[in-house]
Amino acid sequence: MVIRVVGFMPRRSVLLLTFCILLLVAAWSTFRTPHSSINRWLDASAVRGPGSATPPSSPHLSTQPSPGKDNDVDLSTPDAPFVGWPLRRVCDEASWVEGLVFICDNNSGGIGNIRNYIHTCIRYGIEAGATGYLLPRIRKRNDTDLSDLFTDYLPLEYMFDEKHFRDAFATSCPQITLYDDFDDIPRLGRKPKIEYITPKKFGNREGCDWRDQNRHTDRFGDRFRKWLNDPKGDQPSPSAKHPRLIRFNWGVLWDWLTYRDGPEFANTFGGILKFNEQLLRLGKKTLENMRAFARANGVEDGRFLGVHLRTESDALGFWPTYNTQSEAYLKQATKRGFEAAYIATGDSLEAQNFAGAAIEMAQMRVVTKADLLENEDLEELDSLSWDQQGLVDLIVLLGSDFFVGTMPSSFSIYVAMKRHLKTGGIYTRPYKVGTEGDGLSYLVGNYEKYWEGWLYMWDGMWA
């Protein structure tokens, strides 16, 4: 006789049910786990232990990986907070060399060139393992002869916020020491020797165009350190007792293929350099007045077109002419229905010509920064150098509703790339060169030849 017990299940079924319940509990616990535990796992300082603690971050610095939060940051603004965890990650992966000091001051030109030189030099230095940097200086342009790019050196604060720069490294790359002057470098001696290098030479470039970017950045660090420690060399290996100073030969601007570092680094590393407070204040004031001007002229939402007209005396012969630029700009203005425009140019006569053509062809009113500032603000603007005034322009152009510029101006390229960060934040994909793909900017120029048209600048520009 078979006796059936209500509620009884075979042992195998009980085990199977218990196993399924345990799986459900484990999954439930995983999804309930706070994100902070994941962030702690990603945080290198948590892995290294409390002895590696770094200074507390300032309100303008974000050093912990938090993709959701960081992606809400508008990186396209000139005073965007610096997201530092991608830099920290790169620094944690570096092979550091005590006594190796990089000097990132062999720069020249306008803001597009100068900032990109500094960024590229610092990026190479991290890959090399430099534990020290001399605080970057800026080579001033001659205000009366714009083609004369090599005058006196000025401090970093001439264009950028030095405290912000220092804080970025203190919080995100504490392995690096910033020195104010040669005298601050321990055991350097009274007559230090500076060694000049060209990074692209640390790799076989047979068959490459001389303008080609460095295709050996992954191997640069190892090859550079091998050269640095060569027993046949005329210098001892760097150490705390024997520091070595490295400066680049002139012209190292677009060498580093920025996308190789991934979007989160390529889109945030530029943030180590923020414009100084004076330039930010004047730029924001000009932008505010530009919105007010547009509204006063019947544009309810204050929207305006940002224009970079590059026809000054130092413009190269193969660049787009005034006629080419103005025709393309006014076509965009008409297409997009702009009634007000801000023009950035160092050529006042051409600015007047463009303003007249804009009224006639597009019924669009055009003004400059000098038209929008008054009293003490205008006096302060007039006291600035040519390139400093250009930074006021840049801040306004970043805030425009649509931007038109010229290719191959590094100024225009930087504005377009910085504005492009609106599209995807920290994970923004590369700008589609020669198109209107992001709906935010258009640069007129020749996009047929990569080298002769200087298209390579897009691949080496830090946004």
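Colleague: What is the handedness of the disulfide of Cys91 and Cys173, and why?

Modeller: This is a predicted model, in which local features need pLDDT of at least 70, side-chain atom pairs count only at pLDDT 80 or more, and totals for chains, interfaces and linings use all residues. Residues are numbered from 1 along each chain as its sequence is written, and side-chain values use heavy atoms, with hydrogens and water left out. A disulfide here is a pair of cysteine sulfur atoms within 2.5 Å, and Cys91 and Cys173 are joined with an S to S distance of 2.0 Å. The torsion about their S-S bond is about -105 degrees, so the disulfide is left-handed.

Colleague: How many residues apart in sequence are the parts that Cys91 and Cys173 tie together?

Modeller: Helices (H or I, at least four residues) and strands (E, at least two) are DSSP runs, numbered from the N terminus. Cys91 lies in helix α5 (residues 85-93), and Cys173 in the loop between α7 (162-172) and β7 (177-179), so the bond ties together parts whose separation in sequence is 82 residues.

Colleague: Are Cys91 and Cys173 buried or exposed?

Modeller: Buried means under 20% relative accessible area, exposed over 50%, and partly exposed in between, with a 1.4 Å probe and protein chains only. By that rule both Cys91 and Cys173 are buried.

Colleague: Which parts of the chain does the disulfide of Cys104 and Cys121 link?

Modeller: The S to S distance of Cys104 and Cys121 is 2.1 Å, and at -75 degrees about the S-S bond their link is left-handed. The two cysteines are 17 residues apart, Cys104 in the loop between β3 (97-103) and α6 (111-128), and Cys121 in helix α6.

Colleague: What pattern do the disulfides of the protein chain follow?

Modeller: A search of the whole structure finds two disulfides. With bonded cysteines counted along the chain, the pattern is 1-4, 2-3.

Colleague: Which residues does Phe224 touch?

Modeller: Contact means heavy atoms within 4.5 Å. Leaving out residues up to four places away in sequence, Phe224 touches Leu100, Phe102, Ala128, Ile197, Phe202 and Ile246.

Colleague: How far apart in space are Glu195 and Ile246?

Modeller: Glu195 is in strand β8 (residues 194-197) and is buried, at a relative accessible area of 9%. Not counting residues up to four places away in sequence, Glu195 touches Trp227, Gln235, Arg244, Leu245, Ile246 and Arg247. Glu195 and Ile246 are 51 residues apart in sequence, and their C-alpha to C-alpha distance is 5.0 Å.

Colleague: Which residues lie closest to the centre of the largest cavity?

Modeller: On a 1 Å grid over the protein atoms alone, a cavity is a set of points where a 1.4 Å probe fits but cannot get out, and lining residues have an atom within 4 Å of a point. Grid points are joined across faces, edges and corners, and a volume is the space filled by probe spheres set on the points. The largest cavity holds about 210 Å³ of space. It is lined by 23 residues, and the closest to its centre are Pro78, Gly270, Gly271, Leu273 and Lys418.

Colleague: Which elements each supply at least two residues of the lining of the largest cavity?

Modeller: A lining can be looked at by element as well as by residue. Here the elements that each supply at least two residues are β2 (82-83), α15 (386-398) and α16 (410-420).

Colleague: Is Gln363 buried or exposed?

Modeller: Gln363 is in the loop between α12 (348-362) and β12 (365-367), and has a positive phi of about 50 degrees although it is not a glycine. Its relative accessibility is 56%, so Gln363 counts as exposed.

Terms used. On a 1 Å grid over the protein atoms alone, a cavity is a set of points where a 1.4 Å probe fits but cannot get out, and a pocket is an open set with protein on both sides within 12 Å along at least five of seven lines; lining residues have an atom within 4 Å of a point.
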